[in-house]
Amino acid sequence: MKINRAYGGIEMKHRTREALYGYGFVMLWIIGFGLFTAIPLIQTFLYSLNKVTVKATGIEQVFIRWDNYRRALFADAAFVELLVEYVIEMLASVPIIIIFSLIIALFLNLRFRFKGVFRTIFFLPVVITSGPVIQELTAQGATSAPGLQNLTSVANFVAELPKYLRSPVEYLLTSFILILWFSGVQILIYLSSLQKIDKSIYEAAAIDGASAWESFWKITLPSLSTTTTIIAIYSIITLSHFSENKLIRYIYLQTYSVEGGFGYASALSFLYFAVLVLLLLIVYLALNFRARRSY
Amino acid sequence: MKTFITIDQIKSFLFGSRTSYGLIFNTILYSLLAAIGFVYLYPLLFMFVTSLKDMSDLLNPMVQWIPTHLYLGNYIKAYNVLNYPRTLMASLSVSLIPSLIQTAVCALIGYGLARYRFWGKKLLFALILATFIIPAQNTFIPQLLAYRDLGILGHINAIILPAIFGQGYKSAIFILIFYQTFLSMPKVLEEAARLDGASDLKIFIQIAVPAAVPSIIVSLIFSVVWYWNETFLTNIFLEGGVKTLPMQLAKFVQAYENLYPPGVVNIADRLNEAVKMSGTFLNILPLLVMYFILQKWFVESIERTGITGE
């Protein structure tokens, strides 16, 4: 009994010491989170409830409650349109990124010569993608699917589409390569997950008479379900944070414009943030629902 | 002496066997990969070819892919407009210095998360992920005002300061990389050192860090690339002071017209897409050089750091 209690005491002491050192290591981050994320986030939220005017002497705030939000949602047609466009573009490009990166990863998982060259090509865009570079390339029409957009038949086809379908299709045509360029990291993530699947499962399935096609649907795809969720979320976040994103440009312009200002721009960024979180939730639930059913 | 080829051999040559995929499959594979690879590189090829065209080649619809002669005039103009040596140095310091700090700090935090048990760790992870999701738009205005009061707006310190506190650009990813790395490392050596009386910080610096060199290199190069390409925050925090390459490229038209006023110069020297593409190419050139030197580290990064293991 005595020994036990003494031991427990030492164990307790050891635990406290460990925790203290642990906090020591992460303290920098906790302080930083407070200073650079939590406080600015709350401050921005407060701005969004005020009419903020910047004067030479400092900042002047007039509390107006939810007026900024009301104005953004009911009076600012441009913002709402951009928001809807953003959601449609996300829902259109994320499946393309997932399917494309999975196909490329499956290719790169095979044994063939010059594999390294192709891997280097497919990862190259990750290194050079910056806002101004993409802007210059898009301005020159270099990011659309080569030649496809100029065909009259394609143009006629797009013109025939109902309005709500036309803008996503046009988006896909004009920024096709851009969407593929955002798949570099995703390809590597899929590739490393593919290499982690146990080879003996495939052998066992082959002995039982499964074709390569069947093993793909019954073994490969189910093993990749977690990876697919990670990739979907990663893709949405990178696309949403990209500085050439039209919504981000709009919020940036509103920040410094006379009719907008800090307060209105803050309200816009919170609405944007809310839609982003909602989108992530929907995609997460949709992918996990499907994954659970497939088992 | 049997010289004829059996039907089985032809079959395996065409359709593959246990050891090879066969000619038909290989042909399809290579042509598909080459086609996708071309689509992938198309913007870069387009940019490079356009940047070499002079006025007559630009106007000549027959000249698509191969300029009639080598013309470097666009590059000279773009070089001057970008003020290349100065902006290059600015870009290098704005990406290198915060990256070094960010990597060191994230290693420290990742080690703390991987090796110590303490209350609230799950919450901490949730908050780290939150920093990855929260858009910069939701936090930059108060930061801008605070930096203005501190007098570091337009100075590289405005980028360095958040990095010191583990809040640099995409820091969540680097923290997770180091967490994963240290978690998968055996503890034995560290425990032995502890029994010998080494302090926790000493163990981290002398035992854990040397073993994590691959992750350190991966974090460093990705950090450099992402800082280099980041323009939203640098545009806001460095405005009026340091000018990086992407910032200067974004203002290319304006900078060009300052240097070559449209009313003054002759028509051949007006701003055209070839000059813009030269500027864009000069912009990504340092990154391309870095990529081709360190490509193994880039493409093997995910395997080396095991970031997908969570």
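Predicted model: local features only at pLDDT ≥ 70, side-chain atom pairs only at ≥ 80, totals over all residues.
## Contact between the chains

Chain A contributes 65 residues to the contact between the two chains, while chain B contributes 62 residues. On the side of chain B that touches chain A, several helices each supply at least two residues, among them α2 (23–51), α5 (84–115) and α12 (213–229). The largest share of that side, 12 residues, is provided by α16(B). Sorted by class, the side of chain B that touches chain A holds 41 nonpolar, 16 polar and 5 charged residues.

## The largest nonpolar core

The largest nonpolar core has 128 residues, and the residues with the most contacts inside it are A:Leu268, B:Ile109 and B:Phe178. Helix α3 (residues 77–108) of chain A gives this core its largest share, which is 11 residues.

Leaving aside residues up to four places away in sequence, B:Ile109 touches A:Phe25, A:Val26, A:Leu28 and A:Trp29, together with B:Gly166 and B:Ile175.

## Helix α12 of chain A

Helix α12 of chain A (residues 225–241) has 17 residues and, at 1.5 Å a residue, should span 24 Å, which agrees with the 25 Å that separates its end C-alpha atoms. Buried residues in α12(A) include A:Thr227, A:Ile231, A:Ser235 and A:His241.

## Domains of chain A

The domain assignment of chain A gives domain 1 (2–48) and domain 2 (67–129 + 182–294), and the C-alpha centres of these domains lie 33 Å apart. In chain A, 4 residues of domain 1 are in contact with 7 residues of domain 2; the side belonging to domain 1 has 2 nonpolar, 2 polar and no charged residues.

Technical notes:
Residues numbered from 1 in each chain as written. Chains lettered and ligands numbered in written order. Helix = DSSP H or I, 4+ residues; strand = E, 2+ residues; numbered from the N terminus. Nonpolar A, V, L, I, M, F, W, Y, C, P; charged D, E, K, R; others polar. Expected span 1.5 Å × (residues − 1). Buried ≥ 20, exposed ≤ 12 C-beta atoms within 10 Å, placed from the backbone. Core = buried A, V, L, I, M, F, W, Y, C linked by C-beta atoms within 7 Å. Domains from an automatic or database assignment.
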